[in-house]
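Hi everyone, and thanks for making time today. Let me put it up on the screen.

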Protein chains: 2
Amino acid sequence: MTELVSAGIEPLFRLLSRYMPLTAEDRAALTMLEVGPICTKEARADLAREGENPSVIRLLVSGWACRYKDLPDGRRQIVAFFLPGDFCDLSVYILSELDHSIGALTPVRYFELLPHQFQQVIDERPHLLRALLWHEMVASGIQREWLLSIGQRTPVERLSHLFVELYSRLKAVGQAQDHCFDFPITQHNLAEANGLSLVHVNRTLQEMRRMELIELADRQLRILDLEKLKRIAMFNNNYLHFNRE
Amino acid sequence: MTELVSAGIEPLFRLLSRYMPLTAEDRAALTMLEVGPICTKEARADLAREGENPSVIRLLVSGWACRYKDLPDGRRQIVAFFLPGDFCDLSVYILSELDHSIGALTPVRYFELLPHQFQQVIDERPHLLRALLWHEMVASGIQREWLLSIGQRTPVERLSHLFVELYSRLKAVGQAQDHCFDFPITQHNLAEANGLSLVHVNRTLQEMRRMELIELADRQLRILDLEKLKRIAMFNNNYLHFNRE
DNA sequence: AGTTGCACCTAACGCAAGTTATAATGAGTT
DNA sequence: AACTCATTATAACTTGCGTTAGGTGCAACT
């Protein structure tokens with residue numbers, strides 16, 4: 001039972017360790033975040049909608065979620081992927097009204113933290129605040145990289161870049177080994193994240209398979225040639241700010 | 001002389017006032033930021049390059065600048081516009097290496113602040129920190145909105161949205177009245193910011209003139225029908241988080 | 001007066017990517 | 001077993017937007 005619960009902060013701990021060395025005490029402090037009951041949502045459910053005024057900070061434990069924005073006529077843009085270990089709403093500390101929505105892409109499990117619980121952890125271990133802020137800054141850097149992708153990269157480059165990014169981030173939380181990882185989202189989701197039509201995502205994936213860059217089947221993505229993929233994507237890992245590779 | 005110098009923080013003071021009420025003491029504290037000499041750069045000069053490790057926080061006083069990222073083959077994406085009153089590098093507090101560059105779009109004037117000078121102001125007036133964090137969060141929200149624009153909005157919608165955003169932001173720092181403001185950047189810059197070719201930006205502007213949405217000539221932009229422009233852009237001002245309209 | 005460079009404008013051409021439609025598969029339901 | 005519904009695939013058609021290649025006007029410099 002205990003190990004099941006403490007599996008909750010494992011991705012978060014690994015993630016923050018990428019930015020700075022953390023001790024066993026830090027890890028213990030982080031387990032204080034596991035107070036509340038664990039929440040679950042089905043794929044395609046919303047965790048929060050634009051315009052709401054949330055009072056909790058969500059820590060994703062398993063599954064993939066996303067931040068998205070939509071237009072009155074139904075067009076939708078995914079602006080970020082949340083992977084295990086990610087916080088969805090750290091901005092709650094400062095801003096009131098949400099300017100975006102949060103949706104589950106797969107079935108998800110997450111903790112809902114009240115700001116004061118969160119505060120407690122920071123008070124106990126002040127340098128964790130720095131690690132968390134770092135994580136937020138990296139999230140912001142990822143947004144910028146996505147703008148570069150959508151604005152300038154071709155579809156093959158764009159998907160290549162995204163796959164390398166996801167591989168790096170999943171490896172950081174121990175969810176990717178070799179050049180292979182669970183890829184639980186649909187081509188439709190890829191389209192929404194990359195400003196492409198569903199049909200064109202499919203075409204582009206076919207092309208990437210022909211180029212022997214990736215294998216993608218049965219919700220598993222295998223990168224066949226990581227170096228080539230990085231070259232094509234013009235991937236520069238500095239924006240992830242992982243200090244300890 | 002004094003009023004010339006204190007004109008430096010005027011845009012910043014106005015900007016932060018949009019988020020929360022500020023007092024004369026706050027204003028006085030902010031003038032402490034004007035310590036160093038004022039710096040200047042020509043249009044098209046860089047203030048900082050990706051990969052650098054800056055030790056200063058830049059506060060833009062006049063002119064327009066941008067945050068941009070570029071690819072090895074020369075493609076370039078502007079990911080944010082900096083207007084007077086904006087900080088270029090608040091993230092220096094946390095991250096070390098820059099994952100983007102900062103460039104002047106017009107001749108600019110700015111202060112370079114050392115983190116400890118900055119700290120001094122925050123210590124004196126703690127709630128200014130909150131206002132500054134707020135400003136950072138808004139910047140992040142603007143990034144998300146841009147992602148929505150580039151990913152989903154048509155060129156006319158995209159430019160419409162940008163013009164409304166710039167009008168709102170410039171009004172907040174007292175640089176736009178009526179429906180008119182100085183528009184010192186080139187169509188080439190608009191192209192770089194919107195993921196469009198120069199030629200297509202020109203086409204799109206022509207169309208917007210035909211639609212009687214805007215007039216743009218002699219570096220002056222006039223919005224002819226703000227409500228119509230907002231409707232076309234599907235502009236929802238919540239992402240700017242201006243509490244006091 | 002001539003040159004250079006920059007910003008803006010316009011037209012012709014072609015391809016990349018969106019749209020629409022249809023089919024195959026598989027999982028979950030009744 | 002028949003139903004839905006989501007997902008992937010792929011073909012035919014259309015179009016938006018990039019590319020290339022010009023043009024003009026203006027300011028700065030020689």
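Let's start with a term. When I say that two aromatic rings pair, I mean that rings of Phe, Tyr or Trp, taking the six-membered ring for Trp, have their centres within 6.5 Å. Please also keep in mind that this is a predicted model.

With that in hand, look at chain A. A:Trp64, A:Phe81, A:Trp146, A:Phe163, A:Tyr167, A:Phe181 and A:Phe183 belong to one aromatic cluster. How many aromatic pairs are there over all chains? The count comes to 22. Take A:Phe181 and A:Phe183 as an example: their ring centres are 6.2 Å apart and their planes meet at 55°. Planes under 30 degrees apart would be stacked and over 60 edge-to-face, so at 55° this pair is tilted. Are these two residues buried or exposed? Both A:Phe181 and A:Phe183 are buried.

Now hop over to chain B. The rings of B:Phe181 and B:Phe183 have centres 6.3 Å apart and planes at 55°, so this pair is tilted. B:Phe181 has a relative accessible area of 2%, so it is buried. B:Phe183, at 2% relative accessibility, counts as buried.

In chain A, A:Arg76 lies over the face of A:Tyr68, 4.3 Å from the ring centre. In chain B, B:Arg27 lies over the face of B:Phe13, at 4.3 Å from the ring centre.

A:Tyr68 brings me to one of its neighbours, A:Ser101, which touches A:Tyr68. Where does A:Ser101 lie? You'll find it in strand β6 of chain A, residues 101-104. Its relative accessible area is 0%, so A:Ser101 is buried. The side chains of A:Ser101 and A:Arg49 are joined by a polar contact of 3.2 Å. Leaving out residues up to four places away in sequence, the residues that A:Ser101 touches also include A:Ala48, A:Glu50 and A:Cys66.

Last stop: strand β7 of chain B, residues 108-113. Which strands pair with it? One is β1(B), residues 38-41, which runs antiparallel to β7(B) and is joined to it by four bridges. There, B:Lys41 stands opposite B:Val108. Another is β3(B), residues 57-62, which pairs with β7(B) in the antiparallel sense over five bridges. In that pairing, B:Arg58 has B:Glu112 as its bridge partner.

Technical notes. Residues are numbered from 1 along each chain as its sequence is written. Chains are lettered from A and ligands numbered from 1 in the order in which they are written. This is a predicted model: local features need pLDDT of at least 70, side-chain atom pairs count only at pLDDT 80 or more; totals for chains, interfaces and linings use all residues. Side-chain values use heavy atoms; hydrogens and water are left out. Two strands pair if DSSP finds at least two bridges between them. Helices (H or I, at least four residues) and strands (E, at least two) are DSSP runs, numbered from the N terminus. Buried means under 20% relative accessible area, exposed over 50%, partly exposed in between (1.4 Å probe, protein chains only). A charge sits over a ring if NZ of Lys or CZ of Arg is within 6 Å of the ring centre and within 35 degrees of the ring normal. A polar contact is a pair of N or O atoms within 3.5 Å; within protein, one must be able to donate a hydrogen and the other to accept it, and residues adjacent in sequence count only if both atoms are side-chain atoms. Contact means heavy atoms within 4.5 Å.
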